[in-house]
Every structure is written in structure tokens, then in C-alpha cells.
Amino acid sequence: MGGLEKRLSSSQIIILGFAMVILFGSLLLMLPIAIRDGQKVGFIDALFTATSAVCVTGLVVRDTATCWTGFGQAVILLLIQIGGMGVITVAVAVAVISGKKISLKQRSTMQEAISAHQVGGIVRLTSFIIGTTAFLELLGAAVMAPSFCREFGVGKGIWYALFHSISAFCNAGFDLMGSKSPYSSLTSYAGEGVINFTVMALIVTGGIGFLTWEDIKANRHRVRRYRMQSKVILSVTAMLIMIPAIYFFFFELSGYPLKERILGSLFQSVTARTAGFNTLDLSRMSEAGQTVMIVLMLVGGSPGSTAGGMKTTTFAVLLSTAVSVFRHREHTHFFGRRLDEDTVRNAVTIFMMYLVLFLTGGLAISRVEGLGLLECLFETSSAVATVGLTLGLTPQLGLLSRIILIFLMYIGRVGGLTLIFAALSGNRKGNTARLPQEKLTVG
């Protein structure tokens, strides 16, 4: 195994790591002990569930509470935890705990997996990630436990609190509320402030990224000392929560009581960026509202986080580049710092990849299933951005459409650029030759 590790690039190790965990999870979910009596689960359904869990998506073809036993639910939760923290992060953490020496190759792979700026301090950062994750997940569970215990009893209530806390922090969107009504997510808690705010807080903290939390821990209220990336992430995150929430409040939820209207607006704005929980029936939203949700899903969370999507930083770079063009500025910049051209090119590439994948998948499913295009685009954006929100189509889809969603979830989690770098590993040779330049009119 050591020889194989040396021959593989960091990108290839990340891709194979996720694939192996998904396959192992699929096999565990096919065991009789994982499936409730009277339920029949084929390999594709088990693979879909495992992929959705490891890729922290939340799309399901089988209701989590009614199809899987306690063992099956525990397997799903373990897959969510591994997928949320990252396969490589978990592997390095296990190595650290067991006292093994972390090689330079493992440190480099870890750096790529969590989008760290440098190899130095990776082991210390891993310890910080493990500790922060455990603390926030247990805190979230402790806050929600009284509400769930009152409703489901002590034992079940604690399990529900822990399950939903981990699922929320990892931006997974899996829930156990099917015991009340299949595929209902958190709709029965639309007016419950404790559950709403706790889940939203966990989603946001998991979605802004571990590097941002490290920056906050180191500099606390001294915002000027934050790295430029942290400032961009926090600014864009706040904007992407407040602006859509205002839209939902005034245009989508005007018929709801004030408390549910406020909670619902904020919750849908937060959850759309890769969490997958919902407190409202999204199929009752207008087409404009569903389109806003699609855009939020595609943007997603931040680099080095438990969230998916093309990332808030990519969105920010695209916006800032456009502003620079409008103002006839030569470079894209944030907070008095200039970005290099590689960052801009990567942002454009990522945007085009997500756009092509989400449109192609939606068109294919619409053609195969004979369904409306907007509905299918909602499902594919949810899959490729690893969100998990649905208009209710996923459990009804046929084999080919499910395979398309599995592919999109996997691509969305490991990252498009990671796949490209893995495919081109060993072929990226320096080339200093430059072709003749000529003008091309655009726009």
C-alpha cells in the first residue's frame, strides 16, 4: 500500500479514498441487520444512499427513518461524519491518535483536501478540526436534546439530537423525521425557534470552513488581522444569507404567520447553500423562488468546509472580476489585495464545470423521465452542489436518473478540479513556449 501511495498523486488519493468509503458503506447498508423487516434494498439504492451520505448531500431514495434500522442509521451517520470532515482528514487523525509518523506526502494530500495555504502546521490543524467538530456537534446535540426528548422520549430523543446535529454541522441534510411522515425533513418544526436556530447555526459554522474558524480563534474581534480569504468568506456568507432571506420573506412566504415567516425565510436561505434540510414545502414555491434556491445551491459553502457547491470564494472572484472589467481595472482585488490570474482562471473553470454538469444532468433526466426541466434542474443542482434539497422527484426516479445523480454527487464532493488534476497527473510538464497573440472580440 505504501508503494501505491507513493505512485499516486494527492488528487488521485482523495478520489480513491472517497470511492472506497462509498463502496464499503454500500456493502454495510446491504446487510440484513441494516434494513428494516419488509424492506428490500438493492445495490443501486444502497450505493445512492452511501454516496449521498459520504458526499454530505442528503438526497435519498429511501426514507432514512423507515427503511434503515438503528444499525443502518448509525452507518449513515458514520459516513456523514467521514464525508463531512473529509476522508483524508479522518485518516490523518487516526494516524495521529495511533502515534504513527505523518509523511510529507500525507501532509501534502491533507493540504489539498482541506484547501490549506501551506503544508506546515497540518497536523496541528487536523487536531483543531477534530476538536472543533466534536465540540460544536455535541453542543448542538445538547441544545436540541430537550426538545426531542419531550417528543420522542429520552433515549430516542438523544439519538435524534445527535444525529441531526452531526448531519447539520456536516451540511448533510439527512433526517429521521420520516417516523412522523416520510420524507418530511424538518417541516413539523417550522415554528420551533430552538430547532431552527440551532440547525442554522450548525450549518453556517460547518459551511464557512475550518481555516476561517482557525483565523477567528487566533484573531478574535480583530477583524483587520484576518486573512483576506476569511474576510471574503464571512462577507459573502452574510450577503448570501440576508439578501435571499429578504426575498423569501416578502415574495414567497407572505401568507405565513409572522414567526414562521421570519424563521422560514432565514432557514431556507441558510439551508439552500448545501445543507439539505427544509422546514417548508419547496414545491409550493414559485418558479422564481425555486430558481433563487438553485442559484444558492450552486454557490454552496466555503473552501475547506463540510459544504459543497462551487464555493463562496469562487462566486466572489467572479463578481469582483466583473466589477473590475466594468471599472476598467486591470486586476481583481479584495480588501486592498490583488488576486493572481491563476485564481481568476480557476474560478471561471469551476463555474463552467458546475454549469455544464448541472445543465447536462437536468436535461438528461428531463428527457429520460419526461418531467419538467426546472424540476429536474433543481434536483441536479442539489446533487452536484451536494445540497440534498428536493422537490420530491428523487425517490420516484428511474435507474438511469439515479445513476446520473450518483455521478453528480460524487463529482460535486471530490471537486471538479481535483478530478482534472488527477487525470492529468504526470502529464503537467512546464511549457514556456508562447503562441502568437491575436485579438478576439467578445460581448
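Is D45 buried or exposed in this structure? With a relative accessible area of 10%, D45 is buried, where buried denotes under 20% relative accessible area, exposed over 50%, and partly exposed the range in between (1.4 Å probe, protein chains only). The structure is a predicted model, in which local features need pLDDT of at least 70 and side-chain atom pairs count only at pLDDT 80 or more, whereas totals for chains, interfaces and linings use all residues. Residues are numbered from 1 along each chain as its sequence is written, and side-chain values use heavy atoms, with hydrogens and water left out.

Side chains of opposite charge can pair when their charged atoms come close. Taking a salt bridge as a side-chain nitrogen of Lys or Arg within 4 Å of a carboxyl oxygen of Asp or Glu, a search of the whole structure finds five. In one of them, D45 pairs with R62, the closest N and O atoms being 3.2 Å apart; this pair links distant parts of the chain, since D45 belongs to helix α3 (residues 43-54) and R62 to the loop between α3 and α4 (64-67), 17 residues apart. Helices are DSSP runs (H or I) of at least four residues, numbered from the N terminus. R62 is buried at 17% relative accessibility. A salt bridge also joins the side chains of D45 and R402, at 2.5 Å from N to O; because D45 lies in helix α3 and R402 in helix α18 (residues 399-414), this pair ties together parts that are 357 residues apart in sequence. Both D45 and R402 are buried.

A further salt bridge, between E341 and R345 (3.6 Å, N to O), lies within helix α16 (residues 341-369), where the two residues are four apart, about one turn of the helix. E341 is exposed, with a relative accessible area of 55%, while R345 is partly exposed at 46%. Elsewhere, salt bridges that share partners join D45, R62 and R402 into one network.

In the loop between α11 (210-219) and α12 (228-252), R222 is partly exposed, with a relative accessible area of 32%. Y226, located in the loop between α11 and α12, is buried at 9% relative accessibility. Y226 and E214 are twelve residues apart in sequence, with a C-alpha to C-alpha separation of 9.9 Å.

With a disulfide defined as a pair of cysteine sulfur atoms within 2.5 Å, the count comes to zero. Among the cysteines, C67 is buried with a relative accessible area of 2%, and C376 is likewise buried, at 1%.
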